[in-house]
Number of protein chains: 2
Amino acid sequence: AQIALERGYEERREFDARYRMLLATTRDAVVFVAGSDGRIKDLNAPAADLLGAGRDELVGAAFAQEFKDRRRGEFVDNLLSLAMSDSLDDLVVQARRTRNKLRIQPSMFRAAGERILICRLDADAEGQAVDDRLA
Amino acid sequence: AQIALERGYEERREFDARYRMLLATTRDAVVFVAGSDGRIKDLNAPAADLLGAGRDELVGAAFAQEFKDRRRGEFVDNLLSLAMSDSLDDLVVQARRTRNKLRIQPSMFRAAGERILICRLDADAEGQAVDDRLA
C-alpha cells in the first residue's frame, strides 16, 4: 500500500502540474464551476480579465453573481442543461463588473463523484455592436 | 493509509479529469513533451491538426521528427533553453507532414522529478506570406 500511495502521489502531482501549466498557457478564457453550489473552483487570467476582478477574489465566489440578473440555482441549472444538450447554442450574459457581453460555452464532467462545469468565455461581438449603436 | 490512498485516488482523478476537459476545451494548439527523451506525452486536436496526423499516432513519437531538419537532442535542448530564458522569442519550424510554418512557444515545468515542456503552436502568418509570394 505504501508503494501504491507514493506512486499515486507522484501521478497526482504530475496531473496537478500539467493542469496548472495548461491553464496558465491557454489564451482561451476558462472557468471551472462546481455543479453542487455554483461556486468558481478555478479560472485563468484571461477569464478573470473578462470578469474584471483578480483570480484570488473570484475563486470561491458564486459564478452567477458575476453577471447581471442571474440567480445562482437557476443559472447553474441553465449551464448544466446547456452542457448536456446536443445543441451548439451558448448563453449570452453581461458581466456585472465590466458590463462586457460574454458568450458562455459550458461542458460538464464528473470528478470525485461531483458534477463540474468547464465554461469557455468569449467576448460577444454582436453584443458589442449593439452597445456601439446605442452609444 | 487506506483512507489516504483513497483520498489520493479521488484527488488524482479530479485533476486528471480537469486536465483532460481543459485540453479538450482549449482552442490553442498545445503539445506536452518529455524533457528526458523529447517524446510527445500528450497533445490536443488543434495541435494534431497543425502537425497533420492523428493524436494516437503522435503520442509517444519524437517531437523533433515532426519538423523538417530538426535533430531530437538538439531540438529539445533548444526548446528547454528557450523556455528557461526570459526572452519572448519563439522558434519557427516547418511541420514535416503538412509543410505548415509554425511558431513554437515553450514553457518548462517539473513534475514527478521530470522536466516537461508545454509547447503552444501557432500557424506562422509571416511564413505563410512568404509561401504565397513564392507560389
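Chain B and chain A bury about 3,400 Å² between them, and carbon and sulfur atoms give 65% of that area. Buried area here is the accessible area (1.4 Å probe) that two parts lose on being put together, summed over both. In chain B, the residues that lose the most area to chain A are B:Arg18, B:Leu22 and B:Arg27, together 20% of what that side buries. This is a predicted model, where local features need pLDDT of at least 70, side-chain atom pairs count only at pLDDT 80 or more, and totals for chains, interfaces and linings use all residues. Residues are numbered from 1 along each chain as its sequence is written, chains are lettered from A and ligands numbered from 1 in the order in which they are written, and side-chain values use heavy atoms, with hydrogens and water left out.

How many residues does the contact take from chain B and from chain A? It takes 35 residues from chain B and 35 residues from chain A. Contact means heavy atoms within 4.5 Å.

Now look at how the copies are related. The same surface serves both copies, as 100% of the contact residues of chain B recur in chain A.

Chain B and chain A have 8 salt bridges between them. A salt bridge is a side-chain nitrogen of Lys or Arg within 4 Å of a carboxyl oxygen of Asp or Glu. One of them joins the side chains of A:Arg18 and B:Asp42 (3.7 Å, N to O).

Which elements of chain B give two or more residues to the side that touches chain A? They are α1 (2-25), β1 (29-34), β2 (40-43), β4 (101-111) and β5 (114-123) of chain B. α1(B) gives the most, with 17 residues. Helices (H or I, at least four residues) and strands (E, at least two) are DSSP runs, numbered from the N terminus. The residues on this side of chain B divide into 16 nonpolar, 5 polar and 14 charged. Ala, Val, Leu, Ile, Met, Phe, Trp, Tyr, Cys and Pro count as nonpolar, Asp, Glu, Lys and Arg as charged, and the others, Gly among them, as polar.

Salt bridges also form within a chain. Over all chains, the structure holds 30. In chain A, A:Arg96 pairs with A:Glu66, their closest N and O atoms being 3.9 Å apart. A:Arg96 lies in the loop between β3 (91-94) and β4 (101-111) and A:Glu66 in the loop between α3 (55-58) and α4 (72-84) of chain A, so the pair ties together parts that are 30 residues apart in sequence. Is A:Glu66 buried or exposed? At 1% relative accessibility, A:Glu66 counts as buried. A:Arg96, at 39%, counts as partly exposed. Buried means under 20% relative accessible area, exposed over 50%, partly exposed in between (1.4 Å probe, protein chains only).
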